[in-house]
Amino acid sequence: MNNFDIFNLPEQYLEDVFESFHDERASTIFVDDYIQEAMKSLESSELHNVEEFVFKFSKLASFFSRLKSATDKLYGDLLLEKYIDQANM
């Protein structure tokens, strides 16, 4: 677990999503496949390492949850502004 870096966990997932983003022929990407891979790395870990992972992941999850909420609001505001501008024309 010493070499286990929580920040590298989503790397392959994000690369696969990026590559398939504009490719309609790309196969469906299942998050659970990437989660299972991460869990295999954690299963052989000691308790204190798993506790550290949970703490770090909790902080990251909070950050990304708030970032998603903020970007959803921004996206909604921009759409609303666009539609109001179109309605005014």
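User: What radius of gyration does the protein have, and what would a compact globule of 89 residues have?

Analyst: Happy to start there: the protein has 19 Å, whereas a compact globule of 89 residues would be near 12 Å. The radius is taken over C-alpha atoms, and the globule rule is 2.2 Å times the number of residues to the power 0.38. Along the principal axes, the C-alpha atoms fill a box of roughly 65 × 35 × 15 Å. Bear in mind that this is a predicted model, where local features need pLDDT of at least 70 and side-chain atom pairs count only at pLDDT 80 or more, while totals for chains, interfaces and linings use all residues. Residues are numbered from 1 along each chain as its sequence is written, and side-chain values use heavy atoms, with hydrogens and water left out.

User: How do you know what confidence the protein has on average?

Analyst: From pLDDT, the predictor's confidence in each residue on a scale from 0 to 100. The protein averages 88, and 96% of the residues score at least 70.

User: What makes the pattern of the protein along the sequence?

Analyst: The pattern reads α-α-α, from 3 helices and 0 strands. Helices (H or I, at least four residues) and strands (E, at least two) are DSSP runs, numbered from the N terminus.

User: Why is the pair of Phe-53 and Phe-57 called stacked?

Analyst: Rings of Phe, Tyr and Trp (its six-membered ring) pair if their centres lie within 6.5 Å; planes under 30 degrees apart count as stacked, over 60 as edge-to-face and the rest as tilted. The structure holds 3 aromatic pairs. In this one, Phe-53 and Phe-57 are 6.0 Å centre to centre with 10° between the planes, a stacked pair. Both lie in helix H3 (residues 47–88), 4 residues apart, about one turn of the helix.

User: And why is the pair of Phe-63 and Phe-64 called edge-to-face?

Analyst: Phe-63 and Phe-64 have 75° between the planes and 5.1 Å centre to centre, and so form an edge-to-face pair.

User: What makes Phe-64 buried, exposed or in between?

Analyst: Its relative accessible area of 48%, so Phe-64 is partly exposed. Phe-63, at 47%, counts as partly exposed. Of the 89 residues of the protein, 8% count as buried.

How values were computed
Buried means under 20% relative accessible area, exposed over 50%, partly exposed in between (1.4 Å probe, protein chains only).
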